[in-house]
Amino acid sequence: MTSTLSMKGFVEHMHHKRGRNTNIEFCNFYAYKLDEADGIGTALGVKVNEASQADYVLISELKKIVQIIECTDLTETIKECREAEVIVGEEKESLAELFNKNKEAAKKIVMKKLWDDVVNEFQKKWLGSRFVMEKYSRKIGLEDDFKCRFLIVLRDGTDMKELQIVCDRLRGMMGEVPVCNSNNVGRLLLFKMPKPSILITSYQSNFTFLSNPYPLDNTNFVSIK
């Protein structure tokens, strides 16, 4: 026996939250809120502290695909990593000596360590979000789980290429992970959700799907360029 879950109440204007030194930054699109007390996870019985979750999801029951979306501000982290890389690059002896004076190897070790926390956080959000979507698929009576894809949305002005080292490390768990900024997220969304005021009961018929943004075999996958 299956039951329904009204999704209209979870529709939210996607945005980056206010940070210590940053204001709220909106994207021009909507998605379903996944995380926090008023998100899908809580509605499905997943406690806020039970599983780390991404910010939003787009769900296509028609294509059986879920796009997990994380709006993240890594401005300070990227700055710190680049500063550390410069220090290592300028080091004359000490650290380089540990790697037979191979400074490139030393840089890679330092960068990997600096990015560990970021990678681990994304991995936890991926696993927690998939856990929630598995509960959702059971809720609506799907026999098979959704195919999940992950999208990272950075604040405008953050260089997407800076995250290449992170995406390389996430690939083994998630497949290719595209990255974009708030102002160009539309080109990577699974579909463009209409504003809440024009959502209709048979909502899938009112969505504009993009042309195969997530090939199931990952061929020609859109990634950082």
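The structure is a predicted model, in which local features need pLDDT of at least 70 and side-chain atom pairs count only at pLDDT 80 or more, while totals for chains, interfaces and linings use all residues. Residues are numbered from 1 along each chain as its sequence is written, and side-chain values use heavy atoms, with hydrogens and water left out.

Strand β5 comprises residues 147–154; helices (H or I, at least four residues) and strands (E, at least two) are DSSP runs, numbered from the N terminus. Of the 8 residues in β5, 7 are buried, so the strand is mostly covered. Strand β4 (residues 65–72) pairs with β5 in the parallel sense over 8 bridges, where pairing requires that DSSP find at least two bridges between two strands. Within this pairing, Glu 70 has Ile 152 of β5 as its bridge partner. Strand β6 (residues 179–181) also pairs with β5 in the parallel sense, over 3 bridges, and Asn 181 of β6 is the bridge partner of Leu 154.

Cys 148 also belongs to the lining of the largest cavity, together with Arg 130, Met 133, Glu 134, Ser 137, Asp 145 and Phe 146. A cavity is a set of points, on a 1 Å grid over the protein atoms alone, where a 1.4 Å probe fits but cannot get out; its lining residues have an atom within 4 Å of a point. Helix α4 (residues 103–139) gives the most to this lining, with 4 residues. The whole structure contains 1 cavity of 30 Å³ or more, and the largest cavity holds about 40 Å³ of space, the volume being the space filled by probe spheres set on the points, which are joined across faces, edges and corners.

Elsewhere, His 15 lies in strand β1 (residues 11–16) and counts as buried because its relative accessibility is 17%. Its side chain makes a polar contact with the side chain of Tyr 56 at 3.1 Å and reaches the backbone oxygen of His 13 at 2.9 Å. A polar contact is a pair of N or O atoms within 3.5 Å; within protein, one must be able to donate a hydrogen and the other to accept it, and residues adjacent in sequence count only if both atoms are side-chain atoms.

Terms used. Buried means under 20% relative accessible area, exposed over 50%, partly exposed in between (1.4 Å probe, protein chains only). On a 1 Å grid over the protein atoms alone, a cavity is a set of points where a 1.4 Å probe fits but cannot get out, and a pocket is an open set with protein on both sides within 12 Å along at least five of seven lines; lining residues have an atom within 4 Å of a point.
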